[in-house]
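Work through the exercises below with the model open. Each one has a task and a solution in steps.

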Amino acid sequence: MAGPILNFLRLSRAGLVLAQYGVRFVPQGVPVPWPLRIARAATWPVRALAWPFRRGESADARVSAALTRLGPSYVKLGQFLATRQDVIGPDLARDLANLQDRMAPFSQAEARAAIEAALGGRVEDHFVEFGPPVAAASIAQVHKAVVVENGERREVAVKVLRPGVERRFKRDLDSYFFAARMIERFHPPTRRLRPVAVVETLARTTEIEMDLRLEAAAISEMAENIKGDTGFRVPTVDWKRTSKRVLTLEWIDGIPIADTARLEAAGLDRRALGLTVLQSFLRHAMRDGFFHADMHQGNLLVDRQGNVVAVDFGIMGRLGPKERRFLAEILHGIITRDYRRAAEVHFWAGYVPPHHPVEVFAQALRAIGEPIQGRSAGEISMADLLGQLFAYTEVFDMQTRPELINLQKTMVVVEGVARGLDPNLDIWTAAEPIAREWVESNLGPAGALKDAREGASEIGRLLGDVPALLGQAERTLVALAEAARSGVRLDDETVERLAAADARQGRWSRVALWVGALALVVIALTLWG
């Protein structure tokens, strides 16, 4: 039982820290059961003592400070929750939207030791110059370095994992899983939101982030996908100096996309850059099903040729054909006011249960789409549209789709970046050609030919598997016939072991229920602090 007890203590600490910073994770007006009201009241002394020191800070600053104090995995959790307006409410979602993954750097000596352990030899064997960190985040930090190859000096960016980061994340993720399972078990209404599945998505994302070879592979894959595109590119990977814990890339000498004054001084067209950012993301998501899922301003630069260059590929999103069709049809349906079609794709994708009438859901989408018709470009927000769509999730029993979490978050962030460059950017005019292109190439005549080719290939594969399937079926029938003749018997020792195991399970299950009840109080401190 060490696991549940340790998780209980970790969550207790998290709840107290959030209370100390005055963070409230449940929207105003949401009913709270009486045990959780008691738990919230228990944190009153902590909040009262801390408030004089925090009252001058904005809400987003307090949230950011609390999560940063709790550690890197809580920063990642906060970035995930920023996409769940339906769970935490628009106010906290807005505060979390500004949460940046910035941490204090670790020492130069630790960075050098990590490189030498990962690449072998000394740092000087790989880099003729190795500078101090230029950026530090929760999982890794970046150094500027210089390599010499064939007599040519080349500047590179070297990303190094934090020492011990894997152990820290594993510990905190265990706590998140524990809390999510307890919430699903003891509070049935939350099962629709699938908290365990959300934590699983976070766990998979961070596991990939902590293998820098996978980040290098993601950059390489995107470079292949966009080789025919213009206006957007990615850095070149230095595979010779890359391992699981070290990643070496081309150094991008560009202007941060948030520095609008320097962009204008360089004679760059901010409106064109905003359009490039938005359309590139939509093209990657719909055409390729593979997109940069952390496209905030800090990860985008503009090079000397005027190209938008993305960096930090630790968080990537993937969409299958089903999800790509969903995205394209929703955008196309709302842009063209075909709400029936947009509603039908929700049912086709399984996002809305079939017991709800399509017509009623189409009516809800009309309530979202019609208010944006005829409004000026500056008044239309994709983020607001997503927020209104989230508001209908409970009404129509829509479950959380973990595969869309990164997409939802990135759509909101990308819109913010594009609007920062061009406040009057017409989101729908920018999105329409990308959505139309996808619909025509996948649902029109070209799409029918593509489906036919894929169908023929699948039939050929199945025919090739027939002999193996027949052999497996024959072996299974022989085994079943033998079991039927001889019967299935358990010896006395096996029966005794099963009985003992059942008794132990029952005893520990009762203990687990008590620990679970205590954990809910701590979860309350975390959520209702």
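The protein chain has 20 helices and 10 strands, where helices (H or I, at least four residues) and strands (E, at least two) are DSSP runs numbered from the N terminus. This is a predicted model, in which local features need pLDDT of at least 70, side-chain atom pairs count only at pLDDT 80 or more, and totals for chains, interfaces and linings use all residues. Residues are numbered from 1 along each chain as its sequence is written, and side-chain values use heavy atoms, with hydrogens and water left out.

**Exercise 1. Determine how helices α13 and α14 pack and which residues make the contact.**

Step 1. Helix α13 covers residues 321–335 and helix α14 residues 339–348; their axes are 8 Å apart, at an angle of about 160°. Axes are lines fitted to C-alpha atoms, for helices over the stretch in contact, and angles run from 0 to 180 degrees between N-to-C directions.

Step 2. The angle makes α13 roughly antiparallel to α14 (under 35 degrees is roughly parallel, over 145 roughly antiparallel, 65 to 115 roughly perpendicular, the rest oblique).

Step 3. The contact (heavy atoms within 4.5 Å) involves K322, R325, F326, E329, I330, G333 and I334 from α13, and Y339, R341, A342, V345, H346 and W348 from α14.

Step 4. Sorted by class, the contact has seven nonpolar, two polar and four charged residues. Here Ala, Val, Leu, Ile, Met, Phe, Trp, Tyr, Cys and Pro count as nonpolar, Asp, Glu, Lys and Arg as charged, and the others, Gly among them, as polar.

Step 5. The buried residues of α14 are Y339, A342, A343, V345, H346 and F347; buried means under 20% relative accessible area, exposed over 50%, and partly exposed in between (1.4 Å probe, protein chains only).

**Exercise 2. Classify the ring pairs F127 with F130 and F347 with F361.**

Step 1. A pair of aromatic rings is described by the distance of the centres and the angle of the planes. Rings of Phe, Tyr and Trp (its six-membered ring) pair if their centres lie within 6.5 Å; planes under 30 degrees apart are stacked, over 60 edge-to-face, and the rest tilted.

Step 2. By this rule there are five aromatic pairs. For F127 and F130 the centres are 6.1 Å apart and the planes at 35°, so the pair is tilted. Both F127 and F130 are buried.

Step 3. For F347 and F361 the centres are 6.1 Å apart and the planes at 80°, so the pair is edge-to-face. F347 lies in α14 and F361 in α15 (residues 358–369), so the pair ties together parts 14 residues apart in sequence. Both F347 and F361 are buried.

Step 4. Ring pairs link F347, F361 and F396 into a cluster.
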